[in-house]
Amino acid sequence: MAIKRLLCPDRVRKIEGSFSWIDHRFVTEGFLHDLSMIEILLYFFLIAVSDRHGLSFYHDDRIASLLKIDLAALGKARGALVKSSLLAYEPPLYQVLSLPPKPLALPSREERERQEQELAHHYFKKIREMLQ
């Protein structure tokens, strides 16, 4: 068994100024399991920049730039986090929510991607019809 010890005692983290945390239940109770990499990145970013109530006023352009993702990916990730009841959003305000009692049963990533492809196909068909 490994002995728990500080690896760099001169670099112990300290709370200075604002503070954020990630509830251990996020990992241990399965909330992390069905999220995509970008959804996790956005969730962790919003936790890092939010105040003690989970509120953040970061604009979408700034978030996308800092996370090195495009606005479409940001919107998709935000939508998944809202559907998972992890996040509330009313432009430009984000609120990281307390975790629900258990993860919501949402469609798998593969199923969500299939649904998005079907929706995109539907819209392209409508656009073609309008152009005829």
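A salt bridge is a side-chain nitrogen of Lys or Arg within 4 Å of a carboxyl oxygen of Asp or Glu. The structure to be toured with this term in mind is a predicted model.

**Stop 1: helix α5**

Select Arg114 and Glu118 and display their side chains. The two residues form a salt bridge, with the closest N and O atoms 2.1 Å apart. Because that distance falls within 4 Å, the pair meets the definition. Both residues belong to helix α5 (residues 109-131), where they are four residues apart, about one turn of the helix. Arg114 is partly exposed, at 35% relative accessibility, and Glu118 is likewise described as partly exposed, with a relative accessible area of 46%. Side chains of opposite charge can pair when their charged atoms come close.

**Stop 2: Arg25 and Glu29**

The count for the model comes to five salt bridges. One of them joins the side chains of Glu29 and Arg25, at 3.0 Å from N to O. Are these residues buried, exposed or partly exposed? Glu29 counts as partly exposed at 39% relative accessibility, and Arg25 is partly exposed with a relative accessible area of 22%.

**Stop 3**

Select Asp60 and Arg78 next. Their closest N and O atoms are 3.0 Å apart, and the two residues form a salt bridge. This pair links distant parts of the chain, with Asp60 in helix α3 and Arg78 in helix α4 (residues 71-83), 18 residues apart. Asp60 counts as buried because its relative accessibility of 16% is under 20%. Arg78 also counts as buried, at 15% relative accessibility.

**Stop 4: strands β2 and β3**

Which residue of β3 is the bridge partner of Leu87? The partner is Val96. Together β2 and β3 form a hairpin, with two residues between them.

**Stop 5: aromatic rings**

The model has five aromatic pairs. Begin with Tyr43 and Phe44, which form a tilted pair: the ring centres are 6.3 Å apart and the angle between the planes is 50°. Tyr43 is buried, with a relative accessible area of 4%, whereas Phe44 is partly exposed, with a relative accessible area of 34%.

Move on to Phe45 and Tyr58, an edge-to-face pair with 5.3 Å from centre to centre and 85° between the planes. Phe45 lies in helix α2 (residues 37-49) and Tyr58 in the loop between β1 (55-56) and α3 (60-67), so the pair ties together parts that are 13 residues apart in sequence. Phe45 is buried, with a relative accessible area of 13%, whereas Tyr58 counts as partly exposed at 32% relative accessibility.

**Stop 6: a patch on the surface**

Finally, switch to a surface view and select Ile15, Phe19 and Trp21. They form a nonpolar patch on the surface, with about 380 Å² of accessible area together. Ile15 lies in the segment before α1 (25-28). Ile15 is classed as exposed because its relative accessible area of 60% is over 50%.

Key:
Residues are numbered from 1 along each chain as its sequence is written. This is a predicted model: local features need pLDDT of at least 70, side-chain atom pairs count only at pLDDT 80 or more; totals for chains, interfaces and linings use all residues. Side-chain values use heavy atoms; hydrogens and water are left out. Rings of Phe, Tyr and Trp (its six-membered ring) pair if their centres lie within 6.5 Å; planes under 30 degrees apart count as stacked, over 60 as edge-to-face and the rest as tilted. Buried means under 20% relative accessible area, exposed over 50%, partly exposed in between (1.4 Å probe, protein chains only). Patches are made of residues with over 30% relative accessible area and no salt bridge: like charges are joined within 9 Å, nonpolar side chains (Val, Leu, Ile, Met, Phe, Trp, Tyr) within 5 Å. Accessible areas come from the Shrake-Rupley method with a 1.4 Å probe; for residues, only the protein chains shown count as cover. Two strands pair if DSSP finds at least two bridges between them.
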